[in-house]
Amino acid sequence: MYQHLISGKIRHHECDAEGFLKLHGLLDRLQDAAAEHAQILNVGMDELAEMKLIWVLSRLKLRLDRIPELGETLEVRTYPSGVQRIFAHRCYELLVNSKRIGCAGSFWLPVNTSSGRPVNARKVLPPEIMELPDVEKFFPEMDNLELPQTDFCAEKQVGAGDIDLNRHLNNAVYARFVSDILGEKLQKMAPQIKEIQFNYLSSGQFGENIFLKAETGSDGKFTVSGEKGDKTPLFCAAGILR
């Protein structure tokens with residue numbers, strides 16, 4: 001009950017030009033696993049709606065030893081891994097042929113849909129899953145990220161297909177924004193990520209223009225940021241290219 005596994009083959013529509021799973025496709029699978037498990041634990045979307053709450057992803061960090069390829073079966077195992085300050089921490093283990101190929105950690109926050117104010121996750125989660133013994137914790141600490149210092153920019157508009165059930169810009173779409181601007185800057189159709197952290201700073205809405213900045217170094221490190229037209233920070237991401 002305290003762990004949940006989803007499994008599925010990597011399909012053609014999920015792959016980049018080289019046949020590897022796209023970053024936003026991987027985040028889609030992490031989100032599906034988390035949502036299904038929250039429902040099983042009676043803290044899913046329906047239960048939170050009764051309390052006028054939604055889960056909001058605040059931070060996520062992902063590390064990949066290798067990227068799953070077309071036709072491979074990817075397993076995502078997820079489990080809650082405690083509460084830090086007011087955030088619920090959730091972990092993910094990524095497996096192909098029963099071998100770990102990556103891992104991720106994430107911080108989630110309940111937010112009141114009427115006031116927009118955060119709520120301590122301890123008021124939502126049952127006590128028995130706040131501190132599970134003997135679970136491996138991936139990335140239990142995630143720092144603030146520095147914004148890129150660059151003039152390299154791109155502009156995106158939040159379309160209808162980018163909006164999720166909470167009527168916000170879906171968290172996986174941010175990954176597509178990162179891939180797009182890195183591909184443009186590096187002139188690569190399929191930039192591949194070894195490690196990445198997302199700090200989600202505000203919610204994107206339908207029709208908004210998002211201004212992206214990207215900075216890359218010779219060591220493979222990169223930073224990407226997005227802000228709205230009114231200069232409100234939307235997200236920041238940093239990581240290492242493969």
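Guide: Start with R29 and E14, which form a salt bridge with their closest N and O atoms 2.7 Å apart. The term means a side-chain nitrogen of Lys or Arg within 4 Å of a carboxyl oxygen of Asp or Glu. This is a predicted model, where local features need pLDDT of at least 70 and side-chain atom pairs need 80 or more, while totals for chains, interfaces and linings use all residues. Residues are numbered from 1 along each chain as its sequence is written, and side-chain values use heavy atoms, without hydrogens or water.

The pair links distant parts of the chain, 15 residues apart: R29 sits in helix α1 (residues 23-40), E14 in the loop between β1 and α1. Helices (H or I, at least four residues) and strands (E, at least two) are DSSP runs, numbered from the N terminus. R29 is buried at 12% relative accessible area, and E14 is buried at 13%. Buried means under 20%, exposed over 50%, partly exposed in between, using a 1.4 Å probe and protein chains only.

Next, R176 meets D162 at 3.2 Å, N to O. R176 belongs to helix α3, and D162 to the loop between β6 and α3, 14 residues apart. D162 is buried at 8%; R176 is partly exposed at 28%.

E208 and K228 make another salt bridge, at 3.8 Å. E208 lies in the loop between β7 and β8, K228 in strand β9, 20 residues apart. Here K228 is buried at 10%, while E208 is partly exposed at 23%.

Shared partners also join R77, E93, R100 and E136 into one network. The whole structure holds eleven salt bridges.
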